[in-house]
Structure formats: C-alpha cells, structure tokens
Amino acid sequence: MPESPDPPAFSKSASETTGPPASGKSESPLTAGRPLVRLGRLRRAHGIRGGLRLEYFGEDPRDLIGMRGIVLEPPSGGAPVPAKAIKVKISPPGALVALEGVGSRTEAERLQGFFVSAPRESLPPPAEDEIYQADLIGLQVVTTDGRLLGTADGFPDHGGTQLMTVATPEGKTLLIPWTDGYISEADPEAGRVVVLDAPGLLDQDWAGHAGTYVRFEVLTLFPGLFASFLAESLMAKALARGLVSVEIIDIRDYAEGRHRTADDRPYGGGPGMVLMPGPLCAALEARMNADGPPPLVVHLDPAGRVMDQALARELLCRRRLVMVCGRYGGVDRRVSELYPGLALSIGDYVLNGGEVPAMAVMEAVARLVPGFLGEKDSLEAESFSEGLLGAPQYTRPQVFRGLEVPAVLLSGHHREIELFRRREAAAATRATRPDLLDPDGPATRPEMPKGLRIEPESLTALDSKTPVSPGPEAADVTSPPKPGDFEISGE
Ligand code: SAM
C-alpha cells in the first residue's frame, strides 16, 4: 500500500445512507433530514429466543448498547424501523445481538438482511486509524494518475463483497472492490479517495447492466466440453434467469485455411503444439469490438495468480470476463502481450487445457451473484466465507455402516449446534489449512498425514519410471485411511 490509511482497517467502518434507498416510498419521519450511518447488518437468526448474528462494520459492536436512534433498514428499501439493542455478545467473526421486542426465532428471521443504522450524531468519533465510510460519501474519487472518476456514493455489500459505488459525471455507476488491491488511499481530510486504475474496471457501468451481473466469454478449441456444464443445475437456471450470460467461442472460427489450423509446432523444438497468435488475437479483437464494457481478459495459465475466494469476488466486480483456454503446450506468449489481462491458475498442477479451469472460474464467480443460490445463507456458512473451512455435514441415515451422526446435530439446540460447527470448522482449519488462520504469515501447509504420505524415495522411483513394489507408505495411498491414521485435533 503506497499511502495510508490502510483500507482493510477502514473497510470495517460504517457507511452512510440518506434514509431509505430510492424506492419510490416517501421519506420516513424517523430519518427525515438526518443521514443514517450503517453500522452493521443482521445476517441470520440465532437460537430460538430471537437472537441474531450481526456483521458489524465498526470497531466494537457493544457500542450499540445504549446508543440512541438505532433503526433497522430493510435491505430492499422501505421505511426504517426503530430498534434497541439490549444485549450484544462478541462471537467471532461477528457478534450476537438481542433486540428489544424480538423474542422468537420467527421474528428474528424476518429481520435477516436488515441494516443496523444510526444517525451520525449518535456515534462515537472514529479511532485514530479509522474513518467512517460515511465521511467518504460525496468525496471525489480519482485514479493514482489524477483522473477524476466521479464521487463516492455508497458502500454496498454484494455476496459478501464490500464495494464502493462511484457516480460518474456521465451518469454511470462504477463498482470498485473495497480492498487494498483497488483502493490506494481514502482520506476525508484531503477530500478524496484514490483508486488504482485496472483495465476494464473503471469503464463498467453497473447501473446500465442491471439484470445480468456478469458476462463470461470463453475462447476455446473444444466448445463441446461446455455443453452439459451450462445445461444443468444452478448454472442453467442462472442463465435462464439472465443473472449471468455465457458465450462459448470456437477459436477455429477465426483460423484461416481449409483445415482451420489454430496450433503449430513450437519454435526452438520441444514436445507439444502451441496455440498460434493469429486466430486467438482475431477472436480477442472481435470480443473487444463487441458491445458492452471493456472486458477483463483472463489467460488461464498454470503459471498465473492462483484462484481463491477473494479473487472470485474481485472477478465478479469486473462484470465481463473474456477467458482464453490454452491447450497442448500452451499459448504463444504474444497473445498475452497484445491483450494483457490477468493470468489465472486454478492450482499448482497442470491440466490438459483451460476449459476445466474456465468452468471452475465461472462457477466460483457466478455463485457469488446475488440470487444465484436459492438460499441466501448458504454462501455464508461455507468454506472460506468466514476465513475458515466449512464444518462437516451429515444427512440421513442417522447410522451408516456403524458410523453415527454426532448427537448434538440431532438435539435441536441451535446454539449448541452452531458452537459444534464453529469448533469443527476451526479444528479442521487448524489441522489442514493453518495458513488461513495466519493471513500475514507464509502459506504453511502441514505435511500429508502419515499413512497418506508418499515418501521422497517413492517419488524418485516414480520419476525414473522404474517399476517398484510399493513400500508400506505408498501402499497406504491406494487404500482408504484407517481410523487413527490421522486425527483432527480438537480445540
Ligand atoms: N506448457 C504449459 C506450462 O508448462 O505451463 C502447460 C500447458 S497446459 C498442458 C495447456 C493449457 O491448459 C494451458 O495453456 C492453460 O490454458 C491450461 N491449464 C492447465 N493447467 C492449468 C491450471 N492449473 N490453471 C489454469 N489453466 C491451466
């Protein structure tokens, strides 16, 4: 980060709204003339007595106790309703809150998704290294080279992604991910927010593309591979509802000659064919000239930035992705030089082509589109959404081959169940992905548990293609692990 303050510190700050969003409804007397600051969001009902899990944008959710003027703003607009927090308990990654007059789970469920807001004057001054997003609203948003983009006009949350909306002088709405990958500086005193210019990002118009959240265009030599991926399940539904759009483009349509050749032998020799620059660049040029915001070109490449949930969120904000699927030995380097974008890998292993990675990217991004998943909460409870792996899941039968479902899951005690799941999620994360718990440290992964490990000697033997009789460790790889081979330590 070139300049301070550091966005993650203030990304947890509160954001301001000026009463109900434009919904055609009249302004509530509760908020007339008093800008509201969004302090948090009620995520889901908790327990049976009306508790709610709260995502808090500020420093300490306990500040809500005794705060005057708190209102709940409906997520879809409409008049805010007055509220009073009577109990707040810290429960990472957020807090649990009890609200006056909300005494049952059914009442709490009705408030899921509501914003918890308060008038500006009710709030304590922000800590030294923090600012209220409210104080950024209306400020100029400029690029690092001084280009004026517009004014900051909101900090909405989309599928767990915090965004800043920018109103441009031309009447467009830009969406900028509120992360340090995109925000260079936010300074109310200097009167500006500085964003890093990223190709395509600043040319989109969110408002102008309401309906279809994200558009995928895939350049491939094997279009048929995508048929059932797009025709089945949630992806097919999202396409039918117009939430996402997908175009599969055959690179050979841009190749010349009777055989429509799109690959050739590599200069300098070596195995495998290489995708020629001519057909691919012609296909990319056609994409660039097509209607719509300038796309982000995604070069699927095992040597690229490794895909993770944060990148999926960033890609969602790009709204239009043109993905280049390599094959064989890869793609002529000049393609990415002429059409720079993001080189993206789905993991440190090599596949035959970019088609499976393209499907992985499409699915990871599309399921963040609001409305893609039937149940809104399913995004929140899964792996990585809260920085942890997901908890183990069970379904019927209650006993399967002698293995029983943990008794707590049958108890009906929502609090106990949630605690159990959090404990399991934390233990699994510590055991298999401790790097997730230590975002500042190097990504350290524990060794494969004994019994699933291939010893270095076996690898050497495999490399030299010498037939070897499997040693005891290698033999374990093919047989399922036995109880006690590895353990997930408890908290
Ligand atoms: N020779 C290339 C190398 O060493 O990096 C590998 C080429 S690979 C066999 C063919 C194509 O598959 C790549 O150009 C890329 O588009 C795609 N691909 C393979 N593994 C991938 C991964 N892990 N992530 C993204 N794309 C991948």
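**Ligand shell and the strands beside it**

The shell around the ligand consists of 10 nonpolar, eight polar and two charged residues; Asp, Glu, Lys and Arg count as charged, Ala, Val, Leu, Ile, Met, Phe, Trp, Tyr, Cys and Pro as nonpolar, and the others, Gly among them, as polar. This is a predicted model, in which local features need pLDDT of at least 70 and side-chain atom pairs count only at pLDDT 80 or more, while totals for chains, interfaces and linings use all residues. Residues are numbered from 1 along each chain as its sequence is written.

Leu 300, Gly 326, Leu 351, Gly 354 and Pro 357 come nearest of the 20 residues around the ligand (near: C-beta atom, placed from the backbone, within 6 Å). The element that gives the most to this shell is strand E20, residues 296–306, with four residues. Strands (E, at least two residues) and helices (H or I, at least four) are DSSP runs numbered from the N terminus.

E20 runs parallel to E21 and is joined to it by four bridges, with His 299 opposite Val 324 in E21; strands pair if DSSP finds at least two bridges between them. Strand E16 (residues 214–220) is also parallel to E21, through five bridges, and Phe 216 stands opposite Leu 321.

In E21 (residues 320–324), five of five residues are buried, that is, 20 or more other C-beta atoms lie within 10 Å of their own, C-beta atoms being placed from the backbone. Arg 320, Val 322 and Val 324 cover one side, and Leu 321 and Met 323 the other.

The protein chain averages a pLDDT of 77, and 74% of the residues score at least 70; pLDDT is the predictor's confidence in each residue, from 0 to 100.

Conventions. Buried ≥ 20, exposed ≤ 12 C-beta atoms within 10 Å, placed from the backbone.
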